[in-house]
Amino acid sequence: MREKHVITALVKNHSGVLTRVSGLFARRCFNIDSLVVCATENSELSRMTIVSDTDDATIEQMVKQLAKLVDVVKVCELTGATVRRELLLVKIHLTAAQRPEIESTCNIYKAKLVDVTKDSAIVELSGEPNKLDALIELLAPYGITELTRTGVTALSRGGKGLKE
């Protein structure tokens, strides 16, 4: 399995920017695996993190097309040493007898049981996407009722940031 590409962009923080960015991708049939938008240390800017499982040429085109948008201040593909994180919430069927097993599994993965009822539990885990995938695979036999993931957020390692 090839590694997914991560694009990060600083964009102006005002209405309509997300629509223009997602519209750009839709018009060109670029597939997005996840798109995360958040505030930054500068209230005038937002940060977008876009993940796509596509080839190098397509990613290069995505970056070039994004850079042409007026609302995009800076854009680049994160390559090399990066820190990638994602948040998972998963609700599973759970009996009282199964609870020690689930607690043990959560401890191994450093996940948290954030809600427990007599017949279900919600597990929270943040980390690398492949770690989340592995936990989902272990929890599947218990019966997953619901699952949600935030999508990847990432920063390059080292002293320089996107603004430099």
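Predicted model: local features only at pLDDT ≥ 70, side-chain atom pairs only at ≥ 80, totals over all residues.
Residues are numbered from 1 along each chain as its sequence is written, and side-chain values use heavy atoms, with hydrogens and water left out.

**Overall layout**

- The chain has four helices and nine strands; these are DSSP runs numbered from the N terminus, with helices (H or I) of at least four residues and strands (E) of at least two.
- Going along the sequence, you get the pattern β-α-β-β-α-β-β-α-β-β-α-β-β.
- Taken along the principal axes, the C-alpha atoms fill a box of roughly 55 × 35 × 30 Å.
- Of the 164 residues, 38% count as buried, and that label means under 20% relative accessible area, with exposed being over 50% and partly exposed in between (1.4 Å probe, protein chains only).

**Helix H2, one side in and one side out**

- H2 runs over residues 56-68, which makes 13 residues, and it reaches 19 Å from its first C-alpha to its last. That is close to the 18 Å expected at 1.5 Å a residue, the expected span being 1.5 Å times one less than the number of residues.
- The buried residues in H2 are Thr58, Ile59, Met62, Val63, Gln65 and Leu66. They sit on the same side of H2 because they cover an arc of only 165 degrees around the axis, going by the directions from the helix axis to the C-beta atoms.
- As background, an α-helix has 3.6 residues a turn, so residues three or four places apart point the same way.
- What do those buried residues pack against? Their partners are strand E1 (5-12), helix H1 (17-27), strand E3 (45-52) and strand E4 (72-78).
- On the face turned away from the buried side, H2 carries the exposed residues Asp56, Ala57 and Lys68.
- At the start of H2, a side-chain oxygen of aspartate 55 comes to within 3.1 Å of the backbone nitrogen of alanine 57.

**Salt bridges**

- The count is eight salt bridges, each one a side-chain nitrogen of Lys or Arg within 4 Å of a carboxyl oxygen of Asp or Glu.
- Glutamate 128 pairs with arginine 85, their closest N and O atoms being 3.2 Å apart. This pair links distant parts of the chain, 43 residues apart: glutamate 128 is in the loop between strand E7 (120-127) and helix H4 (129-139), and arginine 85 is in strand E5 (residues 82-93).
- Both partners are partly exposed, glutamate 128 at 31% relative accessibility and arginine 85 at 38%.
- Glutamate 146 and lysine 91 meet in another salt bridge, at 3.0 Å from N to O. Since glutamate 146 lies in strand E8 (residues 144-149) and lysine 91 in strand E5, the pair ties together parts that are 55 residues apart in sequence.
- Glutamate 146 is partly exposed at 47% relative accessibility, and lysine 91 is partly exposed at 25%.
- Aspartate 133 and arginine 149 also form a salt bridge, at 2.7 Å from N to O. Here helix H4 supplies aspartate 133 and strand E8 supplies arginine 149, so parts 16 residues apart in sequence are tied together.
- Asp133 and Arg149 also belong to a salt-bridge network that includes Glu86.

- Most residues other than glycine have a negative phi.
- Cysteine 29 has a positive phi, near 55 degrees, without being a glycine. Cysteine 29 is in the loop between H1 and strand E2 (34-39) and is exposed, with a relative accessible area of 71%.
- Lysine 110 also has a positive phi, of about 60 degrees, although it is not a glycine. Lysine 110 is in the loop between helix H3 (99-109) and strand E6 (112-116), and at 70% relative accessibility it counts as exposed.

How values were computed
Contact = heavy atoms within 4.5 Å. Polar contact = N/O pair within 3.5 Å; in protein donor to acceptor, adjacent residues only side chain to side chain.
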